[in-house]
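Subject: Structure for your files, with notes on the sheet

Hello,

Here is the structure I said I would pass on.

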Amino acid sequence: MLLTIDVGNTNTVFALLEGEKTVEFWRLSTVDQRTVEEYMVWISHLMALHDRSPKDVHGAIIASVVPQVVRPLKQLCEKYFNTSPLVVGDPGVDIGVEVDVTNPGEVGADRLVNAVAANDMYGGPLVVVDFGTATTFDVVGETGAYLGGLICPGINLSLSALHQAAAKLPRIAVTAPEDDRCTGKTTLEAMQYGIFWGYIGMIEGIVQRLKKEHSEDMKVLATGGLAPVFADWTDAIDEVSSDLTLEGLRIIFDNNNK
């Protein structure tokens with residue numbers, strides 16, 4: 001099996017893949033002070049619960065936007081899984097697509113991995129919208145090249161900032177409305193409608209501008225936990241893929257081990 005590790009700013013996802021199929025999937029809060037042994041205690045316990053063993057793992061690949069955790073995760077793979085992991089962004093790892101931006105080294109690994117998977121699944125031109133700690137829009141050209149994109153505040157980050165800056169506004173969760181009303185009759189409704197329809201407007205406006213700039217034929221693919229919530233309320237999103245990053249990691253691993 002292949003062990004994939006996707007480190008985001010908020011959560012880290014460990015997954016085991018057999019061929020193209022994800023057979024196990026675990027999520028851990030990202031903490032940059034976690035030791036190799038702490039990782040191992042956690043993952044070995046979960047593997048045992050699902051009748052899995054470190055001996056089942058034949059390879060590993062890491063994508064991280066938190067540089068501090070890469071070293072202990074590499075040591076985890078080498079010490080306990082007896083495999084030297086590929087790390088997206090390392091000089092020897094070929095992601096298989098051209099990165100056409102001013103400084104390729106500063107592009108988040110997750111954005112590049114998503115672009116690889118989206119291009120493999122649908123082909124360019126397309127836009128990948130990822131609802132994570134930040135909401136990112138990434139452009140893949142007609143030839144499959146990564147062309148850059150936009151980074152916007154994530155929806156939960158925006159809600160947290162609103163709550164912290166305004167003493168009378170409560171902390172709320174993101175929920176889809178029951179209908180298409182956007183006039184709130186209570187403070188809670190006003191906040192929910194404001195954040196939800198505000199994000200719908202942002203998605204539609206940015207997609208419209210990207211299509212005008214690149215191609216009206218661009219397919220728009222969304223990923224991340226909140227992708228289905230927004231996709232149900234706008235025609236700007238064509239497809240939703242919950243496993244986009246895992247798929248991209250598998251493709252990059254396979255291409256580097258032919």
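The notes below start with the sheet as a whole and then turn to one strand and its partners.

Please keep in mind that this is a predicted model.

The sheet is open and has five strands, in the order β3-β2-β1-β4-β5, and its pairing is mixed. The edges are taken by β3 (21–29) and β5 (86–87); each has a single partner strand, so one side of each lacks a neighbour in the sheet.

Strand β1, residues 2–7, has β4 (residues 59–64) as a parallel partner, with six bridges between them. Within this pair, T4 lies opposite I61 of β4.

β1 also pairs with β2 (residues 11–18), here in the antiparallel sense and again over six bridges. L3 has L16 of β2 as its bridge partner.

On burial, six of the six residues of β1 are buried. In a regular strand, side chains alternate between the two faces of the sheet. For β1, one side carries L2, T4 and D6, and the other carries L3, I5 and V7; all of these are buried, so both faces of the strand are covered. Buried here means under 20% relative accessible area.

Regards

Key
Residues numbered from 1 in each chain as written. Predicted model: local features only at pLDDT ≥ 70, side-chain atom pairs only at ≥ 80, totals over all residues. Heavy atoms only, no water. Pairing = 2+ DSSP bridges. Helix = DSSP H or I, 4+ residues; strand = E, 2+ residues; numbered from the N terminus. Buried < 20%, exposed > 50% of the residue type's maximum accessible area, 1.4 Å probe, protein only.
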